[in-house]
Amino acid sequence: MRPTWDDASRRLTGLAVVPLAELGRPRVDVTIRISGFFREAFPHVVTMLDDAVRMVAALDEPASDNYVRAHVGADLADGVSERRATARVFGSKPGAYGAGLLPLVDSRSWRSDADLAEVYAVWGGYAYGRGLDGAEARGDMERTYARMQVAAKNQDTREHDIVDSDDYFQYHGGMVAMVRHLTGGDVAAYVGDSAVPDQVRTRTLEEETKRVFRSRVVNPRWIAAMQRHGYKGAFEMAATVDYLFGYDATAGVVDDWMYETLTREYVQDPGVAEFMRRSNPWARKGVAERLLEAAQRGLWAAPSPEALQALQDAVLDAEGDLEGPDEP
């Protein structure tokens with residue numbers, strides 16, 4: 001599909017179907033997980049996306065050239081209503097925001113993909129579009145997710161990266177975990193980078209995670225910059241570890257050497273350790289506990305004995321720092 005514009009006002013006027021001969025490939029069936037902010041700020045875009053799906057589903061084309069039509073036809077044959085069969089835009093319940101995975105990960109009470117998928121489905125199983133407006137649609141969402149082969153997240157800014165906010169692992173990582181739970185197999189995960197519109201790049205999630213890890217997370221210049229911000233800088237370092245852990249829990253993107261490097265740079269480094277003790281001992285304790293959790297859950301498959309000992313010592317040291325000196 002392509003948007004149509006009014007040349008005089010540059011306003012969006014509608015949608016046009018790209019002919020198959022011009023497209024040069026089959027039409028791809030795309031499911032969208034929107035945020036609560038997107039739902040509230042751009043309702044007209046939500047409607048346009050829904051219209052696009054329905055227009056493509058109605059085209060008289062061979063199933064091999066139009067996967068939207070093929071999947072909708074299969075669902076109709078199974079007794080699903082036409083409106084539900086074309087639902088491809090899902091989000092949180094009207095009035096609610098988020099994907100629900102951050103509280104679950106923070107609680108440390110989850111056990112498997114089933115727990116992650118359950119929360120993701122409960123929070124995101126509401127359909128949007130004409131005549132839907134946030135209707136409960138968990139079954140419809142799970143039906144479309146079970147067909148997924150690719151989970152993609154686009155990023156259009158250089159102001160932050162995929163472990164700079166919990167939203168990335170909640171929405172994108174949650175999608176990966178959901179598909180893995182429904183299908184029992186891995187889904188290909190990609191991150192699109194359109195920060196420079198004429199130099200768009202696409203990387204696998206694993207490539208993007210390693211790129212961000214090397215360029216920011218363990219970059220000595222970034223760590224030094226965080227130290228200039230006192231307790232807030234230490235908090236940002238701890239939050240980065242949490243978000244990286246969240247992506248690993250949902251999408252399996254952190255290698256053992258990355259956990260070892262985090263331990264060395266964030267916990268064992270004397271300068272960083274002293275900075276956190278002085279500025280924010282809660283952050284130091286949180287980092288050490290989160291890395292130990294990764295080891296306990298098997299995300300960090302083979303931690304070195306030295307790293308484990310350093311993390312355990314850091315937790316004990318931080319608890320002592322938080323208790324404060326004894327009263328005279």
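The crossing of helices H12 and H15 is left-handed, a term used when the near helix is turned anticlockwise from the far one by less than a right angle, with right-handed used for clockwise. Helices here are DSSP runs (H or I, at least four residues), strands are E runs of at least two, and both are numbered from the N terminus. The model is a predicted one, in which local features need pLDDT of at least 70 and side-chain atom pairs count only at pLDDT 80 or more, while totals for chains, interfaces and linings use all residues. Residues are numbered from 1 along each chain as its sequence is written, and side-chain values use heavy atoms, with hydrogens and water left out.

Two packed helices are described by the angle between their axes and the distance between the axes. For H12 (residues 230-251) and H15 (residues 281-297), the angle is about 15° and the axes are 8 Å apart; the axes are lines fitted to C-alpha atoms over the stretch in contact, and angles run from 0 to 180 degrees between N-to-C directions. Contact (heavy atoms within 4.5 Å) is made by Ala234, Phe235, Ala238, Val241, Asp242 and Phe245 of H12, and by Ala283, Val287, Arg290, Leu291, Glu293, Ala294 and Arg297 of H15.

Turning to charged pairs, the structure holds 33 salt bridges, each a side-chain nitrogen of Lys or Arg within 4 Å of a carboxyl oxygen of Asp or Glu. Glu22 and Arg2 meet in one of these at 2.5 Å, N to O. This pair links distant parts of the chain, 20 residues apart, with Glu22 in helix H1 (residues 20-23) and Arg2 in strand E1 (residues 2-5). Arg2 counts as partly exposed because its relative accessibility is 34%; buried means under 20% relative accessible area, exposed over 50%, and partly exposed in between (1.4 Å probe, protein chains only).

Asp140 and Arg143 form another salt bridge, with the closest N and O atoms 3.0 Å apart. The two are separated by about one helical turn, because they lie 3 residues apart in helix H8 (residues 138-145). Asp140 counts as buried, at 9% relative accessibility. Glu208 pairs with Arg203 in a salt bridge at 3.1 Å between the closest N and O atoms, and both residues are buried. Salt bridges that share partners also join Asp106, Arg108, Asp242, Lys285, Glu289, Arg290, Glu293 and Arg297 into one network.
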